[in-house]
Amino acid sequence: MAIEQASAYINEMGISFSQYLSEWNNQHADTIDWHSESSMEYKNSIFNTWKLTYNGLSDEARKMLHRLSWFAADPIPDFMLDVAFGEYEPLQLRKAYAELKRFSMLTHFSIEEKSYFRVHRLVQDVTRHWQEKENNEEELWEALWWIDVAYISGAGDVRNWPVLEPLTSHALALADFAHSKKYS
């Protein structure tokens, strides 16, 4: 995953491998400041790659990544990108999505002719850790709001199940995270 992200960053930024390595080495000192070996099972090099890619993202893409980091690691249906909530319109969501995809922060795929995307578990974990370290969990509440808007009512109506079913694991994960934050 780190190699894929590094390659995407090099391609997206139009830099050479030696320029990337120079940026990576410069980023390393910052990474050591926030990486905790005792609370995380990943090596500094993975965090360093994530941080360098993260720093290359627009604010909108970062916000989307923050929100998606609280979702379950299950496939997320593409129709979530068409769910407007608050100040976020589908066009903004799709632009942020496209940017995250270009930087290999998420992947797109199809299952039985339906489109989904997924954020790698490691990317989610690192992003959640980053938000917790910065005491920034605003996007957790935005993610809850987003899933609430997408989660159509009428669970008793079998016609709604195709929409509700792929969102269920995400709604549960978000509720668990929110519950743990509220009482921690």
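Which side chain does the side chain of Glu-142 make a polar contact with? I looked this up first, and found that the partner is the side chain of Tyr-88, at 3.2 Å; a polar contact here is a pair of N or O atoms within 3.5 Å, where, within protein, one must be able to donate a hydrogen and the other to accept it, and residues adjacent in sequence count only if both atoms are side-chain atoms.

I noted that this is a predicted model, in which local features need pLDDT of at least 70 and side-chain atom pairs count only at pLDDT 80 or more, while totals for chains, interfaces and linings use all residues. Residues are numbered from 1 along each chain as its sequence is written, and side-chain values use heavy atoms, with hydrogens and water left out.

**Glu-142.** I placed Glu-142 in helix α7, residues 138-150 (helices are DSSP runs of H or I, at least four residues, numbered from the N terminus). Glu-142 counts as buried because its relative accessibility is 11%, and buried means under 20% relative accessible area with a 1.4 Å probe, protein chains only. Setting aside residues up to four places away in sequence, I found that Glu-142 touches Arg-67, Phe-85 and Tyr-88, where contact means heavy atoms within 4.5 Å. Phe-85 lies 57 residues from Glu-142 in sequence, yet their C-alpha atoms are 8.7 Å apart.

**His-170.** I then turned to His-170, which sits in helix α8 and counts as buried because its relative accessibility is 0%. Beyond its neighbours within four places in sequence, the contacts of His-170 include Phe-71, Asp-74 and Ile-147.

**Met-64.** Leaving aside neighbours within four places, I listed among the contacts of Met-64 the residues Leu-81, Tyr-97 and Trp-146.

Note on methods
Helix = DSSP H or I, 4+ residues; strand = E, 2+ residues; numbered from the N terminus. Buried < 20%, exposed > 50% of the residue type's maximum accessible area, 1.4 Å probe, protein only.
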